[in-house]
Amino acid sequence: MIFEKNTPIPMSDGLELMCNVFRPDVPGRYPVIMSFGVYGKDVHFEDGFNPQWKKLKAVYPEVDQGESTGEYLRWEVPDPQRWVPDNFVIVVVDSRGSGMSPGYLDLYSPRETQDYYEAIEWASVQSWSNGKVGLSGISYLAIKQWQVAALQPPHLAAMIPWEGAVDHYRDLLRHGGILSNSFTQAWWPRQILANQHGNGQTPHIDRQTKQITTGEPLPAAQLIGNRSDYPAEIAKRSLWDAWFSDHTARLDRVTVPLLSAANWGGAGIHLRGNFCGYLQSASTEKWLFAHIGTHYESFYLPHYVAIQKRFFNHYLRGEENGWQDEPRVQLAIRAVDGTAKMRKTTAWPLPETEWQKWYLDGKNLSVSNQTNQEESKVAYPALGDGITFRSPAFKEDTEFTGNVKLKLFVSSSTTDMDVFAILRCFDPQGQEVEFIGAHENVPVACGWLRASHRKLDATKSSEYLPYHRHDEIQKLVPDEVYELDIEILPTSLIFPKDYTLAITVMGRDFNLNPQGRILHNDLQDRNETEFGGISQIYTGGNYASYLLMPRIRKD
């Protein structure tokens with residue numbers, strides 16, 4: 001293949017972004033696959049993300065063997081050596097202010113999205129392009145796909161947002177109104193600042209040039225002036241505002257054919273948005289996939305690469321390969337042994353869903369689909385281990401696949417409380433079943449809500465999926481009872497006979513992964529005086545707290 005390094009892309013404001021172009025060595029016009037992001041087009045996967053590389057190699061040893069040497073493997077972008085031989089052009093762009101691209105680094109911003117639009121249009125008219133551009137990439141690169149698709153670039157023909165996000169508030173940064181701080185705190189210096197354009201102290205070295213991947217070094221003061229302070233912007237905003245709106249894709253304007261790929265184990269960043277993007281986008285040709293495994297392995301595994309190529313072959317070169325007949329929803333239905341079986345169906349939620357109310361009983365700490373007329377309440381220290389309600393053992397294999405809602409009646413000894421809701425599975429010996437997640441082991445599902453953010457948007461809520469406005473803070477009167485509707489993220493699991501379901505409610509992060517990547521422990525956002533009180537859950541009678549579960553009918 002032909003490799004063209006540091007190809008300039010002119011922007012409308014006079015700046016030039018740098019990209020790497022990988023294309024067939026036979027003259028012609030080919031479909032373009034573009035990836036656009038902040039992690040460095042010249043940073044090798046193994047060098048920049050070594051722990052993740054080792055995990056990928058353990059799962060897929062052939063990733064840098066056979067048809068690919070892995071020389072051009074980059075974090076969260078397609079491997080050119082596996083795509084160009086099939087007559088695709090791969091274009092990898094350093095976004096403004098990152099890597100080799102100069103300018104003001106402003107993550108997820110409207111200017112960055114406009115740059116992406118212009119890069120797409122530039123690629124569409126190059127001599128090696130057939131005029132059709134597809135978008136690919138994971139995480140940041142998937143989030144940008146949703147954003148730029150809403151601008152409707154004329155030559156954008158298809159996209160595959162793989163484990164991304166859409167809503168900057170609800171999906172990424174303030175789960176249920178609670179600041180999700182731990183990921184950004186680590187990610188900002190290690191993955192963003194390290195790759196800022198002009199950072200002479202970057203640890204990243206280009207394997208081809210042996211030079212740093214961030215261009216000519218700039219003075220430290222200039223580096224600070226050349227970027228927005230993303231963590232500070234997040235910290236000073238507790239409510240939905242214009243900044244969050246500007247950083248969130250307008251799904252009603254996304255009309256391009258798309259394949260939205262979610263990870264069941266991606267709670268906190270890489271799950272909710274893929275489902276919302278599929279449901280709420282205006283595209284008439286769209287598909288939803290949900291898979292298991294880590295955050296990066298599925299994107300590179302041959303089976304999934306073949307799916308990606310088939311999708312792009314259809315939309316970027318008009319190949320009649322039957323893609324248009326593929327069922328629109330394809331889900332890995334999880335089993336307790338960590339495996340999954342693919343199910344192809346027509347819609348989400350699944351057509352065979354039976355919504356069941358499983359009622360909490362504070363008297364015996366149970367949850368069952370039997371109504372309970374006797375009122376009771378149970379108290380717990382908000383920052384303690386919480387309260388766990390357990391079901392009877394299942395009498396037969398039982399599948400739940402879909403969204404989950406938790407209705408709670410609660411009170412607090414203080415003026416606010418955070419609810420962390422964790423859906424769990426236990427085997428007959430009482431051992432919890434854990435699942436390999438995007439970055440760490442995870443329970444069945446989880447959800448969050450700050451009680452002062454309980455206000456719902458009735459126009460966007462459904463019985464099984466509450467939508468909170470997050471536009472005002474409604475403090476609690478201590479010891480007064482309030483009704484909360486808590487969104488628990490989509491999930492799928494077949495509970496075997498003799499296993500039990502449980503829901504744990506607590507006022508802090510679940511300790512399955514005490515050193516986890518997605519934590520909510522910022523002391524300014526969650527001061528112990530207000531969020532460390534005594535919480536109470538009310539059940540039965542007029543306080544019918546319940547789980548709304550998506551039970552799947554058997555054939």
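A pocket is an open set of grid points, on a 1 Å grid over the protein atoms alone, with protein on both sides within 12 Å along at least five of seven lines. In this predicted model, the largest pocket holds about 620 Å³ of space, while the second largest pocket has a volume of about 340 Å³. The structure also holds 48 aromatic pairs, and two of these are described below.

**Aromatic pairs**
- The rings of Tyr 108 and Tyr 140 have their centres 4.2 Å apart and their planes at 25°, so this pair counts as stacked.
- Because Tyr 108 lies in the loop between β4 and α4 and Tyr 140 lies in helix α5, the pair ties together parts that are 32 residues apart in sequence, and both tyrosines are buried.
- Trp 287 and Trp 323 form a tilted pair, at 5.4 Å centre to centre and with 55° between the planes.
- Trp 287 belongs to strand β10 and Trp 323 to the loop between α13 and β11, so parts that are 36 residues apart in sequence are tied together; both residues are buried.

**Charges over rings**
- Lys 309 lies over the face of Trp 83, at 5.5 Å from the ring centre, and Arg 334 lies over the face of Phe 435, at 4.4 Å from the ring centre.

**Pocket linings**
- The largest pocket is lined by 24 residues, and α11 gives the most to this lining, with four residues.
- By class, the lining of the largest pocket has 10 nonpolar, four polar and 10 charged residues.
- The second largest pocket is lined by 23 residues, comprising six nonpolar, nine polar and eight charged residues, and α9 gives the most to its lining, with three residues.

Methods: Residues numbered from 1 in each chain as written. Predicted model: local features only at pLDDT ≥ 70, side-chain atom pairs only at ≥ 80, totals over all residues. Heavy atoms only, no water. Phe/Tyr/Trp six-rings, centres within 6.5 Å; stacked < 30°, edge-to-face > 60°. Helix = DSSP H or I, 4+ residues; strand = E, 2+ residues; numbered from the N terminus. Buried < 20%, exposed > 50% of the residue type's maximum accessible area, 1.4 Å probe, protein only. Lys NZ or Arg CZ within 6 Å of the ring centre and 35° of its normal. 1 Å grid on protein atoms, 1.4 Å probe; cavity = no way out; pocket = protein on both sides within 12 Å on 5 of 7 lines; lining within 4 Å. Points joined across faces, edges and corners; volume = space filled by probe spheres on them. Nonpolar A, V, L, I, M, F, W, Y, C, P; charged D, E, K, R; others polar.
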